Amino acid sequence: MSRAVQGEWRNWAGNQRATPSQVVTPASVAELSAVIGAAARAGRRVKAIGSGHSFTGVGLTDGVQVNLARLSGLRALDSATGLVTVEAGLPLHRLNRLLEDAGLALSNLGDIDRQTVAGALSTGTHGTGRSLGGLATQVRALELVLADGSVVHCDANQDAELFSAARVGLGALGVVTAVTLATEPAFALHAAERPMSLTQVLGELDELVATNEHFEFYWFPHTDKTLTKRNNRLAAGEQPRPLGRRRAFLEDDVIGNGAFRLTCELGRAVPALVPRINQFAARFMGDREYSDASHRVFCSPRRVRFVEMEYAVPRAAVRDAIAGVQRVTEQPGMKVSFPIELRFAAPDDIPLSTASGRESAYLAVHMFAGQPYQRYFADVEAVMSGLDGRPHWGKMHNCDAATLRTRYPRFDEFLAVRKRADPAGVFSNDYTDRVLGPVDGGSN
């Protein structure tokens with residue numbers, strides 16, 4: 001039986017809150033179908049929620065909130081084909097361990113693994129990779145519960161239009177209940193983390209992206225310092241050399257999270273010190289090599305709370321994007337303690353993917369929890385908007401449907417699928433009304 005509770009819900013960052021009229025935790029797809037069907041008949045809106053790692057209001061509702069924590073099992077795993085089907089509420093870190101035990105792995109991952117599978121897909125979670133797309137490009141089939149309570153299966157051959165759109169669906173098409181993913185035999189990555197000047201990185205950027213399977217870098221504002229990360233597969237027969245447990249704890253937990261939190265708190269208390277703090281912090285972050293199972297290299301612990309905005313721009317515009325953000329950080333009174341993250345991804349064919357139809361560079365800006373971010377984010381957003389930037393669906397932005405239609409060539413294709421799958425707007429909320437436009441005859 002489903003469990004029903006009430007109360008205020010907050011996301012991981014604490015910047016989004018909701019008080020649903022009802023919270024349900026169904027133990028089966030049949031129970032979920034009944035909940036959605038009843039809500040639709042009563043004219044109530046429904047939103048599924050994952051682990052709360054989105055910074056936007058994509059999962060908020062004052063209607064029925066569906067917690068998928070009890071729909072988090074393994075349905076099928078075929079080592080021969082590499083196809084694995086899991087329920088939507090399974091967190092990525094549990095999926096990664098499950099696949100490792102089976103001798104399998106996902107080809108690409110983002111750098112945080114706390115999200116649920118469905119939550120990560122719905123908001124377009126991506127990693128970095130010169131020839132690889134985000135998590136949604138690894139999806140081969142989906143199961144959803146639609147607004148009328150019906151349960152549907154879709155893939156490239158069966159209801160292909162729904163499948164195409166629902167891979168990055170913002171929760172606007174239905175509640176995803178199961179996902180079939182393509183995996184490959186488990187592999188290890190060699191990680192090389194090196195400090196470099198921003199000047200040198202920009203001068204060698206094309207080569208750095210082209211010669212590494214996965215390249216990204218973190219630029220420390222108010223300095224010319226970066227931390228670069230190069231991840232490449234080990235050669236056949238080469239044995240991984242992971243970090244020792246004590247060293248990993250010291251570098252990732254004590255320095256990467258504990259000491260970094262202290263520098264952020266100092267910068268929040270005394271903003272004038274931020275440029276010097278960043279110079280200091282840049283000297284102690286990184287400069288190491290190791291190799292390990294792919295998911296342990298792709299993903300890192302993130303315990304320092306922050307808010308974030310991220311934009312995808314055409315790959316060719318990345319230097320203009322960096323120059324624009326650099327101008328923003330140099331404005332009087334602007335003090336930014338969090339590094340700025342740059343990643344790269346191949347084009348894909350998903351209508352609302354931020355990499356849809358174009359090779360992309362991702363630029364993410366963060367602000368330590370409790371610090372004012374509005375001016376910084378607004379000025380960065382203006383830079384990205386001038387470069388045909390597409391905001392990450394799970395990270396803060398101010399774009400509306402009229403603007404986004406000009407940046408996504410297949411925007412209306414998605415809306416046509418939405419109109420068919422959810423004609424009354426059962427799965428709508430204030431966020432989807434803003435970014436997709438309201439559904440005619442939407443529920444309340």
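Mentor: pLDDT is the predictor's confidence in each residue, on a scale from 0 to 100, and in this predicted model the chain has a mean pLDDT of 94, with 98% of its residues at 70 or more. Local features need pLDDT of at least 70, side-chain atom pairs count only at 80 or more, and totals for chains, interfaces and linings use all residues. Residues are numbered from 1 along each chain as its sequence is written, and side-chain values use heavy atoms, with hydrogens and water left out.

Trainee: Where does pLDDT stay under 50?

Mentor: That stretch is residues 1-5, for which the model has 16 contacts (heavy atoms within 4.5 Å) beyond four places in sequence.

Trainee: Why are α6 and α7 called roughly antiparallel?

Mentor: The axes of α6 (residues 245-269) and α7 (residues 274-284) cross at roughly 170° and come within 10 Å; angles over 145 degrees count as roughly antiparallel, and the two helices are therefore given that description. The contact is made by Ile255, Thr263, Leu266 and Gly267 of α6 with Val274, Ile277 and Phe284 of α7.

Trainee: What makes Arg343 buried?

Mentor: Arg343, found in strand β19 (residues 340-345), has a relative accessible area of 4%, and buried means under 20% (1.4 Å probe, protein chains only), so Arg343 is buried.

Trainee: Which side chains make a polar contact with the side chain of Arg343?

Mentor: A polar contact is a pair of N or O atoms within 3.5 Å, where, within protein, one must be able to donate a hydrogen and the other to accept it, and residues adjacent in sequence count only if both atoms are side-chain atoms; the side chain of Glu310 meets this at 3.1 Å, and that of Glu341 at 3.4 Å.

Note on methods:
Axes are lines fitted to C-alpha atoms, for helices over the stretch in contact, and angles run from 0 to 180 degrees between N-to-C directions. Helices (H or I, at least four residues) and strands (E, at least two) are DSSP runs, numbered from the N terminus. Angles under 35 degrees count as roughly parallel, over 145 as roughly antiparallel, 65 to 115 as roughly perpendicular and the rest as oblique. Buried means under 20% relative accessible area, exposed over 50%, partly exposed in between (1.4 Å probe, protein chains only).
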